[in-house]
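Subject: A structure for you to look at

Hi there,

Here is the structure I said I would pass on to you. Please open it and keep it beside this email while you read.

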Amino acid sequence: MQKDNDDEISAIVAVINDASPDVLLLTDFDYDLNGFALKSFSQILDGPYPYIYSAQPNAGVPTGLDIDGNGRLGEARDAQGYGEFSGDGGMAILSRFPFGDVTDLSDLLWQDVPGAVLPPMEPEAAAVQRLSSTNHWMVPIALPNNDLHLMAYSATPPVFDGPEDRNGLRNRDELMLWTAVLDGAFGQAPDSFVIIGNANLDPQAGDGMRVAMGEFLGDPRLQDPLPGIATAYWPHLPELGELRVSYVLPSQDWVVTGAQVMRPAPEQPSQSDDSMAVGPHRLVWVDISR
């Protein structure tokens, strides 16, 4: 990032600068203890982001158990969330407004989520297995005249498993944790919020429990500014087509004044180009006001 000689990073920065968001969630951003990478990334963006937040993701955190049952310990699929190393593919938030005290639900056990359906697993695995494959954060953001809670997460893809559908069940329950939060299962629910992140779940196409996504989008407590708009495309997997997997969903008390799924900046290669300059996922933005 500091050398400014990486085409992928340059393409991503161009898209972010084009959108110029006040609050930005990054997913699949590796976590390091001192936040060196995040600070470096913030410094190469056009606009200043004086407030940055990240925390240890579950990705790559060892469980000490043979979670995938292949007879070997310490592999990526034996971690709390899939990861080759601790911090692999975490999340980060950059903001032009200050943060309040963050509520981190990332260490919540899967079996402790209301309505969760776990695949068959040994009792010792269920006793340590967290729900979040990456993170679930509730981040208060102090706006000039209002406050809101950013409810941010990045779910596991509902694929890469077997007939037990472990990843499909986990993907669904990672989404449904927000329903439990809004229902008051973990204390008083926020009045004003934005649910944001990569759900890795399309309500109409692709793998996963699509009905759950459709029902979630129909929750009367939130609004969907971009219904049916795809947010990702994998050129090496054209059979998947374009899928909607990333979401920015404000609560009903906000007025949505604009929304878009962004293509790369004009000078950058196409998102469907084989160069994959900015990766398969597109930036999603929503403008809200009172």
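Start with N135, which you will find in the loop between α3 (123-126) and β5 (136-142). Keep in mind that this is a predicted model. Is N135 buried or exposed? N135 counts as buried, because its relative accessibility is 0%, and the cut-off for buried is under 20%.

Now look at what the side chain of N135 does. It reaches the backbone oxygen of Q56 at 3.1 Å. The side chain of N135 also joins the side chain of S106 through a polar contact of 3.1 Å. Leaving aside residues up to four places away in sequence, N135 touches A55, Q56, P57, M91, S106, A152, Y153 and S154.

Next come the aromatic rings. A pair of such rings is described by how far apart the centres are and by the angle of the planes. How many aromatic pairs does the model have? The count comes to 5.

One of these pairs is F29 with F41, with 5.7 Å from centre to centre and 65° between the planes, in an edge-to-face arrangement. F29 belongs to strand β1 (residues 23-29) and F41 to helix α2 (residues 36-43), so this pair ties together parts that are 12 residues apart in sequence. Both F29 and F41 are buried.

Why is the pair of Y153 and W178 called edge-to-face? The ring centres of Y153 and W178 are 6.1 Å apart and the planes stand at 85°, and planes over 60 degrees apart count as edge-to-face. Since Y153 sits in strand β6 (residues 147-154) and W178 in helix α4 (residues 166-182), the pair ties together parts that are 25 residues apart in sequence. Y153 is buried, with a relative accessible area of 2%, and W178 counts as buried at 0% relative accessibility.

R96 is over the face of Y49, 4.5 Å from the ring centre. R290 is over the face of W254, 3.8 Å from the ring centre.

Enjoy exploring, and write back with any questions!

Best wishes

Technical notes: Residues numbered from 1 in each chain as written. Predicted model: local features only at pLDDT ≥ 70, side-chain atom pairs only at ≥ 80, totals over all residues. Heavy atoms only, no water. Helix = DSSP H or I, 4+ residues; strand = E, 2+ residues; numbered from the N terminus. Buried < 20%, exposed > 50% of the residue type's maximum accessible area, 1.4 Å probe, protein only. Polar contact = N/O pair within 3.5 Å; in protein donor to acceptor, adjacent residues only side chain to side chain. Contact = heavy atoms within 4.5 Å. Phe/Tyr/Trp six-rings, centres within 6.5 Å; stacked < 30°, edge-to-face > 60°. Lys NZ or Arg CZ within 6 Å of the ring centre and 35° of its normal.
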